[in-house]
Amino acid sequence: MQMEAKQAGLTCLCAGWTRKDRAPGAPWAATLPVLLAALVLVLLASGAVLAVYYDPRHAFWSVQGIMRGVQGGWLMLGYHRVGAGLVFALLGLHLFRTLLVRGYRGAGAMSWMLWVTLLAVLLLTGWLGFVLQGGAGGHWALLNATRAAVMMSGFPGTVAMWFFGGPAGGDTLARLLVLHAVLALGAAGLICMASRAAKRAKPVPNGQVVAFWPVYASQYFAALAGLALVFSLLLGFAPHWGQGMQSVFAPTPLLVAVPVSYPWYLWPLARLAGLLPGVGGQVLAVMVLFVLLYALPWLDRSNGAPPRRLYKVLIWLLGLDILVLGVAGPMLAALCSAWVFFHFLVLTPLVTAMEAA
Amino acid sequence: MMRRFFAPLLAVGVLASGAARAEDTLSPLHFQSQGWSGTIDKAAAQRGFAVYEGVCASCHSLHGLHYRDLEGLGLTPAQVAGIAANVRLANGQPATLNSRFKTPGAISMGGATPPDLSNIVAQRPGGTRYVYDFLTGFGPPPAGVSLLPGHFYNAVFPGGQVSMPAVLRDNAVTYADGAKASTAQEAADVAEFLTWASDPNLSARHAVGLRAVLFFAFLTIVALLVKRRIWREEG
């Protein structure tokens, strides 16, 4: 009797959360936010375990110690490494799809800007994670960044100083570890907010709702199982793919990482930042990119109808361009980076205005 | 059920590997650790440790490893304790299971510092094969190549000149399992040992990975079928 009451209570509690009715026939791509949230949870959990054994003052050898000496430590490192890569892959897919279906216009603008913020936060978190591994590459990336931060003046200098606390020293990684964790929690919050905003922007039309259980639950379950399959393939057989060899070298003064080889999810951004000379130029290029992404709902001059063929082709071209940008040599990288800005600044307003006309 | 089915197979496998005790990894050259489902060849890695301890350790550190880690190569705690007890650390004390591998004193080979070998296989493209090729790549310089002072010719090393002399020779160590200690055998064994040192969880990772992939592949197929059925009925 009590059991039944308890079960009923539990069902009631879950009902609010799971029984929400939705529009019928959502595509597989609509599961991406849930998959992202699952990955961020995996990252938070494995990161919490890693943080227990991590020593920011002996970063490289403590990560080696986790890999060699901690029970299941290699598995936790693998979860964190593979999870980080997949987060970027899935967020990239989600942003690409939003561009392709023009999901950033009108009511979708709020959730679009939150997803773009998530991208910025995750890129920063990913860079910090790369630095925290303490390998030769991360060591030099941090040295370069803090040197540039110390040289900056005015407001940017103040922000940079607040972030790094001065030139890279023994305690810098301890500071960055906290920032890494705080940003990761922020990313989890951003996913919740962006999903809510997306749901508000697209209310379910009355009369054609489908119950979450079992219709959507079955789709999410299948998507999560597929993600777990890809995850275990990478974890078991390619855990170091795209990580760069510099992270398995201990940082010594005799080993100079020029250029720094970043993990694969930072490749496009690192090359795009190189479009403008100097540290100020690099920061400017990245900031302009994000300003353009935020401004996209207004750069798009269409009336919000689904995009026509020309615009879709351009979006596909942009996606391809960013993939090529990740692996391009210096000349091609400059061209591909310039194309990104050209796409948002010139092509988008032009083509969408033509569509509206 | 599974065990009943696989036990005879396993027994045959063990017998076969026992019969091939003098297993030839040299002709053709192959490493059990290579490939998508590779596992560390513990017998070869144990021999490789003997080569490291007898030859390499006088110059190269293995800072990432503790003596207790050798249990991962199939040695018993007593055997590892025996190995550690024979090592005098810098402070004059014998090493214990929880000591890091002894770091040799500061050495300069014509201005070059011998690198730490903890991650050497991960630090070189095709690391296992590279270690073998490097250790067997020494020889007289080809005509027209003049060496820098204090350097030795090595066909595999970038630039062809290296500060390390050829240190492996036939019977540089005596193998406990009776294998013939040719130069090539020593190089192959130490390559397998260093592969293990760089990635001590390689065997476990492949085993866990394979099981997880099989399980989630099955789960994905079932979940897709369930989803299709539910969507046909309800959607």
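In chain B, 62% of the contacts between residues at least 6 apart in sequence join residues at least 24 apart, where contact means heavy atoms within 4.5 Å. Keep in mind that this is a predicted model, in which local features need pLDDT of at least 70, side-chain atom pairs count only at pLDDT 80 or more, and totals for chains, interfaces and linings use all residues. Residues are numbered from 1 along each chain as its sequence is written, chains are lettered from A and ligands numbered from 1 in the order in which they are written, and side-chain values use heavy atoms, with hydrogens and water left out.

**Chain B as a whole**

- Chain B holds seven helices and two strands; helices (H or I, at least four residues) and strands (E, at least two) are DSSP runs, numbered from the N terminus.
- Read from the N terminus, its order is α-α-α-α-α-β-β-α-α.
- The radius of gyration of chain B is 23 Å, whereas a compact globule of 235 residues would have one near 18 Å; the value is taken over C-alpha atoms, and the globule rule is 2.2 Å times the number of residues to the power 0.38.
- Its C-alpha trace spans about 80 × 45 × 40 Å along the principal axes.
- Of the 235 residues in chain B, 38% are buried, meaning under 20% relative accessible area (1.4 Å probe, protein chains only).

**A closer look at B:A44**

- B:A44 sits in helix α2 (residues 42–54) of chain B.
- This alanine counts as buried because its relative accessibility is 4%.
- Beyond its neighbours within four places in sequence, B:A44 is in contact with B:D189 and B:E192.
- B:F31 is 13 residues away from B:A44 along the chain, and their C-alpha atoms are separated by 9.2 Å.

**Two helices of chain A**

- α5(A) is mostly covered, with 18 of its 24 residues buried.
- Just after α5(A) comes A:G134, which takes a positive phi of about 75°.
- Helix α6 (residues 136–151) of chain A has 16 residues and should span 22 Å; its end C-alpha atoms are 23 Å apart, which agrees.
- Buried residues of α6(A) include A:W140, A:L142 and A:L143.
- The buried residues of α6(A) pack against α5, α7 (154–164), α8 (172–201) and α11 (278–299) of chain A.

Notes
Buried < 20%, exposed > 50% of the residue type's maximum accessible area, 1.4 Å probe, protein only. Expected span 1.5 Å × (residues − 1).
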